[in-house]
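Trainee: I would like to learn how to read a structure, feature by feature. Where do we begin?

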Amino acid sequence: MLELSLEKSFPGFQLALDLMAQEGEVLALLGPSGSGKSTLLRLIAGLLAPDRGFVRFGGVDLTPLPPERRGVGFLFQDYALFPHLTVAENVAFGLVEARWPRAEREARVRELLERMELLSHAGKRPQELSGGEQQRVALARALAPKPRLLLLDEPLGALDLRLREELLFFLRRTLRETRVTTLLVTHDQGEAFLLAHRVAVIRQGRLVQVGRPEEVYTKPKDAWTARFMGHKN
Ligand code: ADP
Ligand code: MG
């Protein structure tokens, strides 16, 4: 189980929320721009230190651990692929850092490239790929070290509609097959409904409502949530 209770302030912004997710659960984080979704993921990943609070996974306190020791895989908009490395080297990156033996590393990279239908691109640089392919590489890189927790910050955000659908297919299959506990930030409710077991609605750094997607949609807690979920009045 993932359990967290975190506080973080920036000038003019305050995040304070408690959240839980079951092992293997996909939890979507929905909220308007500036509500603190990315900040929350960065706190969980250990890229940002909280003012107060903790992150626990499977009973282990991750709070004092650096990002690379948290068993967390992430795909963030501002964590681009390494342009000077090949596709295969990008996917292998975390495995080299974690000192996987060469043979296991190569087998793991191959397995992921196969799953993401990227084998024929293994030797290319990221900039030679389409946006959708680059996101598949980023997803493969995040999954390579077999994280127990996957953090996805608007993984489909920058893509056009056709590529979104294509990546959605890979994402859905991957989440089903690996059953990795996942926090998925999205502003697309369709995506949340399709991928997530539960959704958490966040507003101004606070948790407004958490529940099954259809529950939150049909029984929004207040007028703001109703409007946010697209109800007309
Ligand atoms: P979201 O991902 O939901 O759009 P963010 O987590 O990126 O929201 O940002 C939440 C708020 O925190 C915003 O007001 C943003 O300007 C502020 N913020 C985020 N990161 C920093 C930072 N490193 N320094 C100062 N303010 C920040
Ligand atoms: Mg964000």
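**Reading the model**

Mentor: Start just past helix α1. There, G46 has a positive phi of about 90 degrees. Keep in mind that this is a predicted model.

Trainee: Is α1 itself mostly covered or mostly exposed?

Mentor: Count its buried residues. Nine of the nine residues of α1 are buried, so the helix is mostly covered. Among them are K37, S38 and T39. R42 is on the buried list too, and so are L40, L41, L43, I44 and A45.

Trainee: Now the strands. What is the order of the open sheet of four strands?

Mentor: Follow the pairing from strand to strand. The order is β2-β1-β4-β5, and the pairing is antiparallel. The edge strands are β2, residues 13–21, and β5, residues 60–61, since each of them pairs on one side only.

Trainee: How many bridges join β1 to β2?

Mentor: Nine, and the two strands run antiparallel. β1 covers residues 2–10. For one bridge, find E3: its partner in β2 is M20.

Trainee: Where do side chains point in a regular strand?

Mentor: They alternate between the two faces of the sheet.

Trainee: How do β3 and β9 run, parallel or antiparallel?

Mentor: Check the direction of each strand. β3, residues 26–30, and β9, residues 198–203, run parallel. Four bridges join them. L29 stands opposite A200 of β9.

Trainee: What do β9 and β10 form?

Mentor: A hairpin, with two residues between the strands. Look in the turn for Q204, which has a positive phi of about 45 degrees. Five bridges join β9 to β10, residues 206–211, and these strands run antiparallel. I202 has L207 as its bridge partner in β10.

Trainee: On to helix pairs. At what angle do α4 and α5 pack?

Mentor: Compare their axes. The angle is about 15 degrees, and the axes are 9 Å apart. Angles under 35 degrees count as roughly parallel. Therefore α4 and α5 are roughly parallel to each other. Their residues are 131–143 for α4 and 161–178 for α5. α4 passes α5 in a right-handed crossing.

Trainee: How do the axes of α2 and α3 cross?

Mentor: At roughly 130 degrees, and they come within 10 Å. That angle makes α2 oblique to α3. Find α2 at residues 87–97 and α3 at residues 102–115. Here, α2 passes α3 in a right-handed crossing.

Notes
Residues are numbered from 1 along each chain as its sequence is written. Chains are lettered from A and ligands numbered from 1 in the order in which they are written. This is a predicted model: local features need pLDDT of at least 70, side-chain atom pairs count only at pLDDT 80 or more; totals for chains, interfaces and linings use all residues. A residue is buried if 20 or more other C-beta atoms lie within 10 Å of its own, exposed if 12 or fewer, and partly exposed in between; C-beta atoms are placed from the backbone. Axes are lines fitted to C-alpha atoms, for helices over the stretch in contact, and angles run from 0 to 180 degrees between N-to-C directions. Angles under 35 degrees count as roughly parallel, over 145 as roughly antiparallel, 65 to 115 as roughly perpendicular and the rest as oblique. A crossing is left-handed if the near helix is turned anticlockwise from the far one by less than a right angle, and right-handed if clockwise.
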